[in-house]
Amino acid sequence: MAELGSKGVTAGKIASNVQKKLTRAQEKVLQKLGKADETKDEQFEQCVQNFNKQLSEGTRLQKDLRTYLASVKAMHEASKKLTECLQEVYEPDWPGRDDTNKIAENNDLLWTDFHQKLVDQALLTMDTYLGQFPDIKSRIAKRGRKLVDYDSARHHFEALQTAKKKDETKIAKAEEELVKAQKVFEEMNVDLQEELPSLWNSRVGFYVNTFQSIAGLEENFHKEMSKLNQNLHDVLLGLDKQYSGNAFPVKAQPSDSTPAKANKSPSPPPDGSPITSPETKTVNHELEPSTLEAPGASIPKSPSQPAEAARAGAEAAGSEAAAGAEASKTEADSGSTSLPAVVVETFPATVNGAVEAGASSERADMPPGFLFKVQAMHDYTATDSDELQLKAGDVVLVIPFENPEEQDEGWLMGVKESDWIQHKELDQCRGVFPENFTERVQ
């Protein structure tokens, strides 16, 4: 019995809700046709317009702020890579090596601190600000429904009063429903009439605080970064002064094709010129061939050297170099030198055709309009339903936007290669992503 009673209550509630929706729909149709008047409140409607505008602006600001933070993170990674490169190329015996390592460490800490403070003082504040809008939006919609209920009850009561045959019982019940509907509507209306103007006015202080925080954080960040850059400038200036003579010691390295000649003194040149040790030989801007090899010595050369020498000579001296190259070829033919012949490889035309056919076959397996491939260099967390969630290493197939006017600067449209291979479906898998989080791979 209890179960039946519970089902009966549930069924009755469902029927009541269906009847309310039907009554509201009928009332709206009559109002649109001009057969029933509608309660208007122009002041409240203006408040609703302001609310919608405020919500739209706040949502856009939140999205742009997230994009800004993503860019800061990307710049942090790029700056970190750059300083790591500097540390790798900075040789141990150069002055200021310890200083460059310290500057790189401080640079990384400064970027990390800047990003975290932006999150704490701007993004979280933005999220809190927008968190109040969904509830108010829901209450505005509910007020609209209660207003329709009030108008419908009012019209029903008026119709019973003006009927030729009056039923006092029905009139009394209709009046009771009208009073109830009016009370519910007015309670919600009064609350919103107070909250909406206050919320609208709060936007000024919020925008001021948010952009002041961002500006202040940027100012401090760039001030500290400027100090680090000045320190790095001074360190590199000291390095430049030490090596300003443009003469650098070059240590001989054994080649891969010849064994190292350790503990063996060089033979004196035939002309009796002094011996120059390979360990202390200096290299200036331009070196004459005579300073690099002894006169008359036979030096093995790689197959590419004659061709490169002829090409360089042709660019520098025109016909004279061409003549020199021809002379070298004649000497090689006569056996006067030990230069090996240059081997030129040629490929059959079918090779290119095979490659092109393979590329066409691969492109046929790509999504319609496929442009190129990119690979995610960093993780990217999607903030909207139309964005792709990326992990570092993900390969994305880039495709054009259906409407080019919808493409924002710095954003691409694509589908993850793994999703495309699995589903072959664009509608469910494609999305936009920031271009600066990826690099082109094909």
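1. In this predicted model, Arg430 is partly exposed, its relative accessible area being 28%. Its salt-bridge partner is Glu402, and the closest N and O atoms of the two residues are 2.5 Å apart. Glu402 is itself exposed, with a relative accessible area of 65%, a value that lies over the 50% limit used for that class. The pair links distant parts of the chain, 28 residues apart: Glu402 belongs to the loop between E4 and strand E5 (411–416), and Arg430 to the loop between helix H9 (417–423) and strand E6 (431–434).

2. In total, the structure holds 13 salt bridges.

3. The salt bridge between the side chains of Lys63 and Asp384 has an N to O distance of 3.7 Å. Lys63 is located in helix H2 (residues 42–89), whereas Asp384 is in the loop between strand E3 (372–376) and strand E4 (395–399); the pair therefore ties together parts that are 321 residues apart in sequence. Both ends are partly exposed: Lys63 has a relative accessible area of 30%, and Asp384 has one of 34%.

4. A further salt bridge lies within a single helix. The side chains of Lys227 and Glu224 meet at 3.7 Å, N to O, and both residues lie in helix H5 (residues 168–242), three residues apart, or about one turn of the helix. Lys227 is partly exposed, with a relative accessible area of 47%; Glu224 is also partly exposed, at 35%.

5. Nine helices and seven strands are assigned to the chain. Of the contacts with a separation of 6 or more, 71% are between residues 24 or more positions apart.

6. Of the 442 residues in the chain, 24% are buried. The accessible surface of the chain amounts to about 30600 Å², and carbon and sulfur atoms account for 53% of that area.

Key:
Residues numbered from 1 in each chain as written. Predicted model: local features only at pLDDT ≥ 70, side-chain atom pairs only at ≥ 80, totals over all residues. Heavy atoms only, no water. Helix = DSSP H or I, 4+ residues; strand = E, 2+ residues; numbered from the N terminus. Buried < 20%, exposed > 50% of the residue type's maximum accessible area, 1.4 Å probe, protein only. Contact = heavy atoms within 4.5 Å. Areas by Shrake-Rupley, 256 points an atom, 1.4 Å probe, with all protein chains shown as cover. Salt bridge = Lys/Arg side-chain N within 4 Å of Asp/Glu carboxyl O.
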